Amino acid sequence: MITARRVAVASLLLIMWRVAHVVASLAPACMPPPQAAPIPFEHVPPVLLRSFKERLGEISAPGGSFNATDVVWFESVPQRRFMFFWTVGRRWLIATERGGFAYSNPIFLYDLGNDERKADLIAEKDASSDTACAVALDLIAAP
């Protein structure tokens, strides 16, 4: 017989499993290759941030609050968060986190024009938290 207590216990176990999954999947620090420079969020060209907002909506700053789960929040928080930024010349690699049941780490490679007025998306790959560094390294190393 299904009782309110059983439903509450099952719901609590499901929430605990999901929280444990999200915490375990948080991406570790990732070191760029020698030819790439890590860039702090505050120094990312505004054209890249605008391009992301137009393409994907609101994105939280690195370490900022975002909804990493499918739990409905009472406050409005983005479903995505920036992880890190690397640059090699005009090429910019942007690693992000996407929340939800299928938590993932989309990695984007952009070409920033000489005048820094336009950002062209060159490549986009989805990664899991345990493959995000490898995917980022592969994308930044591609010609």
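Here are some questions and answers about this predicted model.

User: How are residues numbered, and what pLDDT do local features need?
Analyst: Residues count from 1 along each chain as its sequence is written, and side-chain values use heavy atoms, leaving out hydrogens and water. Totals for chains, interfaces and linings use all residues, side-chain atom pairs count only at pLDDT 80 or more, and local features need pLDDT of at least 70.

User: Which residue stands opposite Phe-82 in strand 3?
Analyst: Helices (H or I, at least four residues) and strands (E, at least two) are DSSP runs, numbered from the N terminus. Two strands pair if DSSP finds at least two bridges between them; strand 2 and strand 3 (residues 91–98) do so in the antiparallel sense over 8 bridges. Opposite Phe-82 stands Thr-96.

User: Is Phe-66 buried or exposed?
Analyst: Phe-66 lies in the loop between helix 2 (46–56) and strand 2. Buried means under 20% relative accessible area, exposed over 50%, and partly exposed in between (1.4 Å probe, protein chains only). Phe-66 has 7% relative accessibility, so Phe-66 counts as buried.

User: Which residue forms a disulfide with Cys-30?
Analyst: A disulfide here is a pair of cysteine sulfur atoms within 2.5 Å, and the structure holds 1. The sulfur atoms in question are 2.3 Å apart, and the partner of Cys-30 is Cys-133.

User: How many residues apart are Cys-30 and Cys-133?
Analyst: Cys-30 sits in the loop between helix 1 (4–24) and strand 1, while Cys-133 is in helix 3 (residues 132–141). The pair links distant parts of the chain, and the separation is 103 residues.
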